[in-house]
Amino acid sequence: MCKQLKNIFLNEKIEYFSAIPINECNVRRTDVIERAGLDPSKVKTAILFLVPYYVEDNTIGNISLYARSYDYHYYMDELFERIIPELNSAFNVKFAGFADKSPIEETEAAAKSGLGVRGKNYLLINQEYGSYVFIGEILTEGDPSLFGIDPNEEYKEKMCLDCGNCKKSCPMEKDKMPCLSFVTQQKGQLPDEQIEYIRKYGSAWGCDLCQTSCPLNKNVKETQIDFFRVNRIVNLDIKTLDQMSDEEFKKRAFSWRKRETIKRNLKILQ
Ligand code: B12
Ligand code: SF4
Ligand code: SF4
């Protein structure tokens with residue numbers, strides 16, 4: 001990997017990054033690439049990176065691990081604002097950053113680029129941080145060779161241990177229901193069986209059961225990125241939610257479905 005890229009990421013405490021030719025990625029949304037100011041036909045490389053978020057809270061909470069700090073989408077936006085100009089001046093080609101609302105299938109691309117293995121829980125699992133990592137990517141018109149990629153590299157996904165723990169602990173599998181994380185994020189009135197489902201597993205937002213049961217997530221390293229270490233909510237209650245200013249609420253991952261959704265879930269758990 002080239003030195004300039006390494007310096008830019010390490011400066012942000014991002015230790016895991018890699019690059020692969022764009023034709024190795026499953027590009028699903030060329031319109032998203034266009035909207036970011038790149039010509040999809042000219043994009044040649046995807047630079048993938050992992051943002052670890054795990055912090056040992058020592059408490060079982062009703063907010064999923066990924067949503068305890070401020071929303072990672074904010075972190076990614078701020079990160080891109082800092083590093084895209086640095087990349088532009090270092091390489092003099094066009095770059096655009098994405099995370100989650102992405103034109104590519106992220107877990108597959110990250111696994112192919114060697115940042116971890118693909119779990120049976122559908123997640124990317126890194127050797128040090130486990131699956132408690134967000135995936136981001138920067139697409140560029142720069143040629144893969146610019147970033148020091150070996151042209152003979154094989155881009156094949158490696159798979160996890162296949163121990164089956166995630167499936168055994170997954171509410172979706174046990175109760176023949178949709179993913180619990182998805183259900184907690186659905187707006188509006190829920191059918192009775194989904195209300196019962198939320199109550200049974202005690203989650204107000206998200207679900208971690210296919211991750212906490214995974215042996216590859218034992219003794220993982222904590223994130224060193226300050227953004228994820230502060231402003232944490234492990235257990236949310238209605239009083240705290242009601243007292244939260246709109247400005248504070250907007251910074252939370254659970255705000256994207258508005259107050260009514262998370263409040264509905266908290267009422268179910270009362
Ligand atoms: C839509 C989405 C969701 C949906 C659907 C999940 C899913 N697996 O498809 C919901 C809301 C349920 C969800 C939940 C979560 N998500 Co999500 N999600 C995405 C998103 C935006 C797209 C994924 C996608 O397109 N899937 C649909 C199909 C077409 O993709 P596919 O992989 O080719 O399909 C295979 C599997 O996904 C599976 N599948 C298809 N549909 C569904 C639905 C469910 C419920 C499951 C379990 C599997 C599954 O079957 C397919 C064939 O093998 C990605 C970001 C991105 N742009 O890639 C983040 C992403 C996968 N999510 C992420 C996270 C953190 C989570 C949660 C852990 C959050 C939480 N704690 O609640 C859970 C984990 C659930 C799980 N085990 O997958 C991270 C994962 C990071 C990592 N280490 O891999 C991503 C990469 C976002 C990011 N930038 O970091 N997510
Ligand atoms: S997030 Fe929960 S419900 Fe969804 S796949 Fe993982 S364990 Fe199953
Ligand atoms: S629990 Fe086992 S099967 Fe599931 S992702 Fe982890 S190693 Fe793979």
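This is a predicted model: local features need pLDDT of at least 70, side-chain atom pairs count only at pLDDT 80 or more; totals for chains, interfaces and linings use all residues.
**Entry 1: ligand 1.** I started with ligand 1 and found 24 residues around it, with L123, L124, C179, S181 and G206 the closest. I count a residue as near a molecule if its C-beta atom, placed from the backbone, lies within 6 Å of it. Residues are numbered from 1 along each chain as its sequence is written, while chains are lettered from A and ligands numbered from 1 in the order in which they are written.

Helices (H or I, at least four residues) and strands (E, at least two) are DSSP runs, numbered from the N terminus.

By class I get twelve nonpolar, eight polar and four charged residues around ligand 1. Here Ala, Val, Leu, Ile, Met, Phe, Trp, Tyr, Cys and Pro count as nonpolar, Asp, Glu, Lys and Arg as charged, and the others, Gly among them, as polar. Domain 1 (3-147) and domain 2 (165-213 + 236-269) each put at least three residues into the shell around ligand 1; the bounds come from an automatic or database domain assignment.

**Entry 2: ligand 2.** Next I listed the residues around ligand 2: N121, C170, P171, M172, C179, L180, S181, C207, L209 and C210. Helix 6 (171-175), helix 7 (180-184) and helix 9 (209-212) each supply at least two of the shell residues. I see eight nonpolar, two polar and no charged residues there.

**Entry 3: ligand 3.** For ligand 3 I got 14 surrounding residues, and the closest are G119, C160, C163, C166 and C214. They split into seven nonpolar, five polar and two charged. Again I found at least three residues from each of domain 1 and domain 2 in the shell around ligand 3.

**Entry 4: a helix pair.** How do helix 8 and helix 12 cross? Their axes come within 9 Å and cross at roughly 70° (helix 8 is residues 192-201, helix 12 is 258-269). That makes the two roughly perpendicular, a label for angles of 65 to 115 degrees. Axes are lines fitted to C-alpha atoms over the stretch in contact, with angles from 0 to 180 degrees between N-to-C directions.

I, helix 8 side: I195, I198 and R199 meet N265, I268 and L269 of helix 12, contact being C-beta atoms, placed from the backbone, within 7 Å. These contact residues are four nonpolar, one polar and one charged.

Key:
Angles under 35 degrees count as roughly parallel, over 145 as roughly antiparallel, 65 to 115 as roughly perpendicular and the rest as oblique. Two residues are in contact if their C-beta atoms, placed from the backbone, lie within 7 Å.
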